[in-house]
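Please consider the following notes while viewing the model. They concern a few local features and their surroundings.

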Amino acid sequence: MTPTMKPHVFERLSPEEQRSRAEALFSSMKARRSVREFSDAPLELEVVRRCIDVAAQAPSGANKQPWTFVLVTEPALKQQLREAAEAEERAFYEGRAPESWLADLGPLGTDWHKPFLEVAPALIVVFAQNRGATEADRHYYVQESVGIAAGFLIAALHQCGFATLTHTPSPMGFLGELLGRPKTERAVLLLPVGFPAQGCRVPAIERKARGEYLVER
Ligand code: IYR
């Protein structure tokens, strides 16, 4: 098939502007932290929806856009999600988790209690579509594509002034069930969205230095 092409609109920045944007983005993204103590203050839902629109602009394998975002604000549903997540997490922390894993989580101070699932005004559950609506509609690089979209989403929410947590209850099967998603989708991430509680504290952890993650050749 001959692809239909169109001119690309690209804004060329001066090197000075590039430097200044890189520095501004670095300090902004460095300041982002996963928050586990949320306030119940309401938020502007339309801004959250727009951030989800940003995520949906991510590149994806064969442009299949293999993601679904479920935005949950209904208190009764948040309560159900909290109860189901806490049941799984309790089984994890009190049994399933190997000692080495619990040791790695020590500095984060996490446990099976997940009050933020009810307190945060909004939850976004990111689903990966393993295939399209029919068996013939294949999806490609699904994990990679949805990972990229999730990155866009977290960055967009932060840039728009929201606190988020990348929560990964495990296993996540209950999310598809409670949210009525088809069997072709699997949940990959649950993001509480809102504002930090008064006096919210976060673990005193640091990011690696450039020399530990950048290789130039
Ligand atoms: N899913 C659990 C455990 C957990 C695992 C990792 I890896 C983390 O970085 C943080 C938590 C929980 O959400 O508590």
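**Notes on local features**

1. The backbone oxygen of Trp67 lies 3.2 Å from a polar atom of the Gln129 side chain. This is a polar contact, that is, a pair of N or O atoms within 3.5 Å, where within protein one must be able to donate a hydrogen and the other to accept it, and residues adjacent in sequence count only if both atoms are side-chain atoms.

2. The model is predicted: local features need pLDDT of at least 70, side-chain atom pairs count only at pLDDT 80 or more, and totals for chains, interfaces and linings use all residues. Residues are numbered from 1 along each chain as its sequence is written, and side-chain values use heavy atoms, with hydrogens and water left out.

3. Gln129 belongs to strand E2 (residues 122-129); strands (E, at least two residues) and helices (H or I, at least four) are DSSP runs, numbered from the N terminus. Gln129 counts as buried because its relative accessibility is 16%; buried means under 20% relative accessible area, exposed over 50%, and partly exposed in between (1.4 Å probe, protein chains only).

4. Beyond neighbours within four places in sequence, Gln129 is in contact (heavy atoms within 4.5 Å) with residues including Gln65, Trp67, His139 and Glu185.

5. Gln65 is found in the loop between H2 and E1 and is partly exposed, at 34% relative accessible area. Phi of Gln65 is near 50 degrees, a positive value in a residue other than glycine.

6. Asn63 lies in the loop between helix H2 (45-55) and strand E1 (67-72). Its phi is near 50 degrees, again positive in a non-glycine residue, and Asn63 counts as exposed because its relative accessibility is 54%.
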